[in-house]
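Grab a pencil and work through these exercises with the model open beside you. Try each task on your own before you read the solution.

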There are 2 protein chains.
Amino acid sequence: MTELEQKCIDAGLKMTGQRRAILEVLERADDHPSVETVYLRSKEMDSSISIATVYRTLNLLGQMNLVKKHDFNENHARFEANLEQHYHFIDVNTGEVVEFKDEELDARLRQIANDLGFDLVDRRVELYGHKNPDNEGDS
Amino acid sequence: MTELEQKCIDAGLKMTGQRRAILEVLERADDHPSVETVYLRSKEMDSSISIATVYRTLNLLGQMNLVKKHDFNENHARFEANLEQHYHFIDVNTGEVVEFKDEELDARLRQIANDLGFDLVDRRVELYGHKNPDNEGDS
DNA sequence: GTACATGCAAATGCTTTGCCCGCGA
DNA sequence: TCGCGGGCAAAGCATTTGCATGTAC
């Protein structure tokens with residue numbers, strides 16, 4: 001049983017085949033799949049799934065804070081089950097999304113919110129650019 | 001003549017009444033108006049404007065990098081003509097958007113991109129939270 | 001005059017929802 | 001059994017677009 005599945009059961013959700021498939025897709029994904037992608041992948045496990053169920057399930061998980069919804073300046077949403085605080089770099093050429101963490105950035109953002117007199121409940125940092133081939137960064 | 005208008009003329013765009021109205025709305029706005037809002041405001045200056053023209057003009061200005069498009073986790077886009085690098089704090093209770101700048105943050109983001117081996121072409125930082133009434137931040 | 005701009009309405013594309021049947025607990 | 005969950009198709013909504021007309025230059 002996946003970790004997500006356990007959380008859903010604990011929350012009192014009925015564990016159907018469709019939900020199990022979707023949860024497994026999310027748990028396995030190391031990218032940030034769109035609804036369509038989640039749909040296609042989960043359909044391989046349970047061909048009876050409809051895209052309406054994927055939408056409903058993803059929204060449900062979103063409300064339960066088990067998945068996070070992103071938009072990355074596209075015309076469709078993307079989802080991820082990685083709940084650890086992190087940020088994203090989007091390659092504007094390929095659409096590839098790279099996750100990164102940075103404690104100095106965390107701290108600065110907290111400081112800024114505090115200085116502004118705000119309670120921070122969420123944050124979004126997205127860097128857009130190109131992979132730089134002559135840089136040692138991806139070596 | 002507004003600054004935006006001059007830039008559009010320089011770029012070879014025909015300066016119609018509708019465009020003048022939309023440009024003026026953008027130039028005057030100190031908030032981050034939605035398409036609908038830009039439409040309503042510009043309609044007051046030129047009642048013949050259709051929302052299709054607003055969409056077309058806003059997209060055009062976006063491509064020309066004269067306005068920036070945001071989504072702020074809503075179901076519609078918002079626009080702003082403020083081209084200086086800045087970030088946003090969104091009050092999750094009121095939807096109010098506060099702009100801020102921070103050089104330390106700028107520097108950190110540049111450093112991160114560099115370390116990752118990326119060329120930075122755009123960045124988005126959005127902090128979500130509540131105005132904290134017992135904090136001196138907004139005094 | 002000519003190419004570009006606009007209004008209108010239809011079309012799109014993503015997402016949501018009503019309805020009724022099916023199934024998990 | 002009973003009510004939640006799901007499939008299907010229709011509806012919603014923001015946005016885009018085809019087409020014919022209008023207009024800036």
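**Exercise 1.** Which helices each supply at least two residues of the surface near DNA strand C?

*Solution.* Some ground rules come before the steps. This is a predicted model, where local features need pLDDT of at least 70 and side-chain atom pairs count only at pLDDT 80 or more, while totals for chains, interfaces and linings use all residues. Residues are numbered from 1 along each chain as its sequence is written, chains are lettered from A and ligands numbered from 1 in the order in which they are written, and side-chain values use heavy atoms, with hydrogens and water left out.

Step 1: Helices (H or I, at least four residues) and strands (E, at least two) are DSSP runs, numbered from the N terminus.

Step 2: Pick out the helices. They are H4 (51-63) of chain A, plus H2 (17-28) and H4 (51-63) of chain B. H4(A) gives the most, with four residues.

**Exercise 2.** Find which residues are closest to DNA strand C, and look at how some of them meet its phosphates.

*Solution.* Step 1: List the neighbours. DNA strand C is surrounded by 20 residues, and the closest are A:Tyr55, B:Thr16, B:Arg19, B:Ser48 and B:Thr53.

Step 1: Check the phosphate oxygens. A polar side-chain atom of A:Tyr55 sits 2.5 Å from one, and one of B:Thr16 sits 2.8 Å from one. With A:Met15, a backbone N or O atom lies 3.1 Å from a phosphate oxygen.

Step 2: Look at the DNA side.

**Exercise 3.** Is A:Lys68 buried or partly exposed, and which residues is A:Lys68 in contact with?

*Solution.* A:Lys68 lies in strand E1 (residues 68-70) of chain A.

Step 1: Compare with the cut-offs. Buried means under 20% relative accessible area, exposed over 50%, and partly exposed in between (1.4 Å probe, protein chains only). A:Lys68 has 30%, so it's partly exposed.

Step 2: Find the contacts (heavy atoms within 4.5 Å). Skipping neighbours within four places in sequence, A:Lys68 touches A:Arg78, A:Phe79, A:Glu80 and A:Asp122.

Step 3: Zoom in on the side chains. Those of A:Lys68 and A:Asp122 make a polar contact (3.1 Å). That term means a pair of N or O atoms within 3.5 Å; within protein, one must be able to donate a hydrogen and the other to accept it, and residues adjacent in sequence count only if both atoms are side-chain atoms.

Conventions:
Near = heavy atom within 4 Å.
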